[in-house]
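Subject: Structure handover, with notes on chain B

Hello,

Here is the structure I said I would pass on. Please open it alongside this message, as the notes refer to residues by chain and number.

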Amino acid sequence: MTGSYSSSQSLTRERPVRAILFACRWCALLGADRAGRERLDLPASFRLIPVECAAGIEPDLVLRAFADGIDGVAVLGCHLGGCRYNEANRSARLRLFMVRDLLDIIGLDAGRLLLSWGTAHEGFQFVAQVRRFLHKLEALPVVDPDLLQQREKSYGR
Amino acid sequence: MSGVSLAILCTCRDTLKGTLHWRTIEQEIKARRPMTHVGYLPSLCLYEDLDRVKSLVEQERPRALLIGACSPFAKGRAVLDKLMTVCEASISVTLVDLREGCAWIHTGDPRGASAKAADIVCMGLAELEHRQSVRLERSAPEQRVLVVGAGPAGLAASEILARLGLEVVLAERLERPGGLLNQIGKLFPQNVSSEEFLGSLLKGIDHPATTFLPQTTVSRIDGDPGKFIAHLSRSGDEESLTVGAVILACGALPVFPEGLFRFRALAGVISQMELETKLKKLEADRTSPLEITSAVFIQCVAARDEVRPYCSTICCPTALKNALRLKTLKPDLVVTILHRGIMAPGKALEELYRHAMASGVFFHLYDPAEPPEVAGRERAESVSLIDALSGRRFVFTADLVVLSTPLKPRPGVAGLARDLGMRLDPMGFACGREPMQPLAAPVPGVYLCGAVRWPVPVHEAVDQGRAAAVKAAVFLNGGNTDRKAPGAGKAMVLSEACGGCGWCIAVCPYGACRRAEDGTSVISPLRCQGCGLCAAVCPSGAARLPERSSAALRAMVREIAQRSLP
């Protein structure tokens, strides 16, 4: 649920979506590369950051991205049981599930953090995954860093 | 050296200009990072452009060099590798993908694509600003290999290692070498005598450089690749040994079908392993007659079920082999094999199967939902089954019922696998780096072969042992020490910031994080594979990947958030 955050926001979009994709270089990055080679068309509103392993993504990094006004973060790792680093993606998954819970608590839609394991290995899968995610983000209001800050102050720390 | 960064963008023979507006991109880069020089070259993948890069670098003397070209999986990686050889080591170099990752997927939106390209370049520059490198100090590896387990795989590995001039320590849990070979009489598919085969393998370890340690178990292995410390225990005595590499060849255990098909309840119901021992005795002493008239084999007992959902691969050929051995001992014996599909792949095994059929062995398919039933009072008398193909009920007289059971992983492997940073599959077999390097564990200097990976026929175990030995020898020769992708970093811990909570030690898949004497964590760069798990869980930010720290990732994210172009 978007909670009080969405109610205080107008639903008109004053800027395009800003999305970050963290792609595991053993899996989703291959899908991204494949999509490029096949020249599959995608909206230009996402930025891809290749990472060695999805496990290297700190919860802090994700939360700060939202605080900076990023609308959505996707973590695309390898399939569970097929991690290059033994079982590292499983622990990444557990950790990032907690971040999703946190997003719900602070009133940002948990769907803004996409976790996907082994579903972007092929070009067409990557493209479908990204299109769906961007489409979802377009339906949500923009993340306004100032508003998040105001809300943080209003908790009266 | 100046604080200038150099961004060299490959225009891919001017094919990208329809989507990427180079001038807009350059303006945006300059606006955000005024200290950046932007240069263009038409085709970095050709050698003449590399020379131009070299002269540009010499002219600008940059602190950091960014290459904007195609995907690393296209030509990017090769370009980067070439550049690393031309540039000084003090310049940090990175590659960003502007073709597959931008121009080619946003052809319909040149404005968006150009903004994205500028972002990608700025993200790369931001990353370079935060890059530090770790120097790897590597000492010469110990020219000694520990082979765990003296089964066919371990023996074959030891032979090759000794022939390659390496010192070998072969640790065996039991008194005699040979492993399961000692319990088998003949080997499929060529029906070679296992004693002869074992004899030839044993000749291989009769070498001055090879030490065979019987009744020795490996309780723990720590240390780093090139200098592993193996703790061996031999009848209560503890001993530690420094070895350069470890070959895990400790095999698997046969399953006994307790409580299934009236095993141990009726005389004459035995497991395939027991039949092997029996046949070995009978074949050695041909005077004692085989006092049975009919034998029934039941395949896939305690295998391919919920507990062990795997095919043990060796039981079908073993059953074919033993059915033929029974037929040889007593040609009028009625032998029936009840199976769930005979697994006999390959030329030799297919021939074995055909040979068994031609020799009059009967085959019936059964459905695991309606398994055969063994009947009898004190002895096994008959086996009834519903044939899965015809649906008809058959009752076979059976003086001997042989239950084909799979091999299961040794429970002790789990401890060693944890020490060596190796993954176990859900069944408990050890995993290498499938599919490309199945005999090598993720940690360099650790290899595995034989049934510790998965049940294998003896000749394949031998092949794997030899292959693992060659890999270990290459590793100890200084080649292939680090199979990690170039450019990806190793983790380290800032001991001043470390609170000693031990989270990194708990999560590290490779046993690379350890506790130092002062309670803080240290990371062994030789074991580390750079996944970044330790950095992600570290509450104080002490554990980090210096080449791509969280600060670098953070700077990249900020770069995206603060962009001015749409």
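The notes below cover chain B, its interface with chain A, and a few individual residues.

Conventions come before the findings. This is a predicted model, in which local features need pLDDT of at least 70 and side-chain atom pairs count only at pLDDT 80 or more, while totals for chains, interfaces and linings use all residues. Residues are numbered from 1 along each chain as its sequence is written, chains are lettered from A and ligands numbered from 1 in the order in which they are written, and side-chain values use heavy atoms, with hydrogens and water left out.

Chain B overall

Chain B has 15 helices and 30 strands (DSSP runs numbered from the N terminus: H or I of at least four residues for helices, E of at least two for strands). Its radius of gyration is 31 Å, well over the 24 Å that the globule rule gives for 566 residues, so chain B is more spread out than a compact globule. That radius is taken over C-alpha atoms, and the globule rule is 2.2 Å times the number of residues to the power 0.38. The C-alpha trace of chain B spans about 95 × 60 × 45 Å along its principal axes.

Of the 566 residues in chain B, 56% are buried (under 20% relative accessible area, with exposed meaning over 50% and partly exposed in between; 1.4 Å probe, protein chains only). Among contacts in chain B with a separation of 6 or more, 69% are between residues 24 or more positions apart; contact means heavy atoms within 4.5 Å.

Interface with chain A

On the chain B side, 45 residues are in contact with 45 residues of chain A. The area buried between the two chains is about 3,800 Å², and carbon and sulfur atoms give 57% of that area. Buried area here is the accessible area (1.4 Å probe) that two parts lose on being put together, summed over both.

There are three salt bridges between chain B and chain A (a side-chain nitrogen of Lys or Arg within 4 Å of a carboxyl oxygen of Asp or Glu). A:Asp68 and B:Arg554 form a salt bridge, with their closest N and O atoms 3.1 Å apart.

Two or more residues on the chain B side come from each of helix H3 (72-86), helix H5 (110-129), helix H14 (533-537) and helix H15 (550-561). H15(B) gives the largest share, eight residues. By type, the chain B side divides into 24 nonpolar, 10 polar and 11 charged residues. Ala, Val, Leu, Ile, Met, Phe, Trp, Tyr, Cys and Pro count as nonpolar, Asp, Glu, Lys and Arg as charged, and the others, Gly among them, as polar.

Backbone geometry

Most residues other than glycine have a negative phi, and most peptide bonds are trans. The peptide bond joining B:Phe188 and B:Pro189 is cis, with omega about -5°. B:Pro189 is in the loop between strand E7 (186-187) and strand E8 (192-193).

B:Phe261 is not a glycine, yet has a positive phi of about 50°. B:Phe261 lies in the loop between strand E14 (252-254) and strand E15 (269-271) and is buried, at 18% relative accessible area. B:Ala302 also has a positive phi, near 60°. B:Ala302 is in the loop between strand E16 (294-298) and helix H9 (315-329), and is buried at 11% relative accessibility.

Buried side chains

B:Ser312 lies in the loop between E16 and H9 and is buried at 1% relative accessibility. Its side chain reaches the backbone nitrogen of B:Leu407 at 3.1 Å.

B:Lys490, in the loop between helix H12 (458-476) and strand E27 (492-493), is buried at 8% relative accessibility. A polar atom of the B:Lys490 side chain lies 3.1 Å from the backbone oxygen of B:Pro525, and one lies 2.8 Å from the backbone oxygen of B:Cys528.

B:Phe396 is in strand E21 (residues 393-397) and is buried, at 13% relative accessible area. Leaving aside neighbours within four places in sequence, its contacts include B:Val296, B:His364 and B:Leu385.

Regards

Conventions:
Polar contact = N/O pair within 3.5 Å; in protein donor to acceptor, adjacent residues only side chain to side chain.
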